[in-house]
Amino acid sequence: MAELSRLRAEVENVGTTLLDAPSVAARMEGTGRLLPHTAKTLQFVGMAARASGRDIDARRDFPSPAYVESPPAKVLLDTGDVMARARVRFLEMRASFDWLSGVLAGATPTGAIAAETIAPVATRRLVVSVEEGWRGEIVHAAIVDAVGRIARYKVADPSFRNWPGLSFAVQKNVISDFPLCNKSFNLSYSGADL
Amino acid sequence: MIESILKRVRTGKVTVGLTAGDLPAPFRGMPVLGEAFRVGNVAETCAKACATDAIDPEKKTMDLGRCVFCGLCEEACGGEGIRFSQDPRLPWGKREHLVLGGPVPGDATAPPDLRSLLGRSLHLREVSAGGCNGCDLEAQALGNPIFDLQRFGIDFVASPRHADGLLVTGPVSKNMREALVKTYDAIAEPRIVIAIGACAASGGIFRGSYAVENGVGGVLPVDLFIPGCPPHPLTLLHGILGFLGKNPVAAGRSSRRDP
C-alpha cells in the first residue's frame, strides 16, 4: 500500500505537469479527432474508444470475479482528440489507484500464486474469453481436440480493431501532428495479426 | 508556470549510475547454482519444476536463454540447489554464454573493428517479433531519464536505414519473420543483431509452438544475446556496453544512486 501511494504521487506529478501545461493543451486539443460516429462504425475498443464517447469496457461487460464485486469507475469523454485520449489515460490511472486501494484494503492474500497443470476438463470444445487489457479488450479463443489438448489458439489483439481509426483521425491535420496522433492511440506494431 | 519549474527542481537528478548493486525484492536476478545442484540429484528436482526446460539435470546446467525467472525451481529444490540473487548483471554473449554451469568458451565482446566503429555511436532499430511487450517496455525504459541510454552514444531510431544494428524481442512469430528479415536486409553493413529476452533466445514460453521460430537465432545471425524475462534495463545496459567492450561503470560517469 505504501508502494501504491508512492507510485500514485509520481503519476499525479507527471499527469498534472502534462495536462496543466498551456503549451501541451495548445498542441493536443482538437488535434487528431476521432468522432464518436467513426469510433462506433469501426467498433473501437479500449481507452481510445472511451475517449470518443464509446462506452465499452470488458471489465464491466464481461467481468471477472473481482470486477463483479467492485466494478471499475466509468471514464468517458467524447471529444475524441489527442487531449481526450491523454485525459482518459490519466483519469483511468487515478480510477485504478482508487480501485486497487479499495480491493487491497479488504484483501487477505491466501492461496498459491502458481497452480499445478490441470487435467483436460473438456474435449472437442471451443472457448472464447474476453479481458480488458491496457489497449482494450483482448479476445482469446482456444479449440481443444479429442483428448483435451489445445489444437488451435487464437488471440485477437485490441490494436487489430483500432489501427484503421488512425487514418480517420489524421485527416485535415498537419503532418507534424502525425506522431502525436499516432502515439495517442498507443497501437501495437506486432500483436497477433498485425 | 512557477509550479512546473518547482516540479523540475523538486525532481532533481534521477539518472542512475551503473554501479548500483542489488535491486530491491522481489526482483529476481542472477541465479546462483549451489553445491547441492552440482552433486546428487537436486538438479533433477529443480528440472522437474521448470516449465521451460531451462535446467539440464544430466549436464547440471541452467540455460538462462530459456529461463523465465519464475522462481519455481528455487521453491522446489530449495536455496541449496538454485538461489536467485537480486543482481541484475546477467551473463550475455553468444547463445552458449547464457548457459550457467556449462563450458563458456571464447570472448563474447564484439570484434575490435566493430568496437571502434560502433563503440562511441550505436543506433539501433527495434523490432518486436511477436513478444508480449515486456522486453519492449524495458528497452523503451532505457531511453528515459533514469537509465539514459543516450549518454553512452546509443539510441533507438525510427528506420532501419538510420540504424547500425537491430534489437529484437519476441520468439519470432511466423507472421513476423518476413518483416524481421526485411528490416535486417534494410540495414547497411556492417550491422549487428541483438536479441533480448528468453523468447528471442529460445522461444521462451512459446518454444515448440507451431506459430513461432523459437527465437531469433534460427532466422538471423545474432551477435549478442541478453537473457531475462524481461531483462531489467540495467541488465540490458550491462550486456550492450559489455559487448561494445566498454567498462559500464566508467562509461556511466554518473554518481551512484539506487533505482
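Modeller: Between chain A and chain B about 820 Å² of area is buried, and carbon and sulfur atoms give 45% of that area; buried area here is the accessible area (1.4 Å probe) that two parts lose on being put together, summed over both. On the side of chain A, the residues that lose the most area to chain B are A:T17, A:W134 and A:S190, which together account for 46% of what that side buries. Twelve residues of chain A and eleven residues of chain B take part in the contact, where contact means heavy atoms within 4.5 Å.

The model is predicted: local features need pLDDT of at least 70, side-chain atom pairs count only at pLDDT 80 or more, and totals for chains, interfaces and linings use all residues. Residues are numbered from 1 along each chain as its sequence is written, chains are lettered from A and ligands numbered from 1 in the order in which they are written, and side-chain values use heavy atoms, with hydrogens and water left out.

The count of salt bridges between chain A and chain B is zero, a salt bridge being a side-chain nitrogen of Lys or Arg within 4 Å of a carboxyl oxygen of Asp or Glu. Three residue pairs, with both residues at pLDDT 80 or more, are in polar contact between chain A and chain B. A polar contact is a pair of N or O atoms within 3.5 Å; within protein, one must be able to donate a hydrogen and the other to accept it, and residues adjacent in sequence count only if both atoms are side-chain atoms. Two or more residues of the side of chain A that touches chain B come from each of α1 (2–19) and β3 (150–156) of chain A; helices (H or I, at least four residues) and strands (E, at least two) are DSSP runs, numbered from the N terminus. By class, that side of chain A has five nonpolar, four polar and three charged residues. Ala, Val, Leu, Ile, Met, Phe, Trp, Tyr, Cys and Pro count as nonpolar, Asp, Glu, Lys and Arg as charged, and the others, Gly among them, as polar.

Strand β3(A) is joined by six bridges to strand β2 (residues 136–144) of chain A, and the two run antiparallel; strands pair if DSSP finds at least two bridges between them. Within this pairing, A:V139 stands opposite A:A156 in β3(A). The hairpin of β2(A) and β3(A) has five residues between the strands, and A:G148 takes a positive phi near 90 degrees there. Strand β2 of chain A also holds A:I143, which is partly exposed at a relative accessible area of 40%; buried means under 20% relative accessible area, exposed over 50%, and partly exposed in between (1.4 Å probe, protein chains only). Leaving aside neighbours within four places in sequence, A:I143 is in contact with A:R125, A:L126, A:R149, A:I150, A:A151 and A:R152. A:I143 and A:L126 are 17 residues apart in sequence, yet 4.5 Å apart in space, C-alpha to C-alpha.

Elsewhere in chain A, A:R124 has a positive phi of about 45 degrees although it is not a glycine. A:R124 is placed in the loop between α7 (82–105) and β1 (125–133) of chain A, and counts as exposed at 65% relative accessibility. In chain B, B:V172 has a positive phi of about 65 degrees and is likewise not a glycine. B:V172 lies in the loop between β8 and α7 of chain B, and is buried, with a relative accessible area of 0%. Most residues other than glycine have a negative phi, and most peptide bonds are trans.

Chain B has cis peptide bonds to note. One joins B:A25 and B:P26, with omega about 5 degrees, and B:P26 is found in the loop between α1 (2–11) and β1 (31–33) of chain B. Another joins B:E189 and B:P190, with omega about -5 degrees, and B:P190 lies in the loop between α7 (174–186) and β9 of chain B.

Chain B also has an open sheet of three strands in the order β2-β3-β5, with antiparallel pairing. Strands β2 (55–56) and β5 (99–100) of chain B stand at its edges with a single partner strand each, so one side of each is left without a neighbour in the sheet. Two bridges join β2(B) to strand β3 (residues 61–63) of chain B, and B:D56 has B:T61 as its bridge partner in β3(B).
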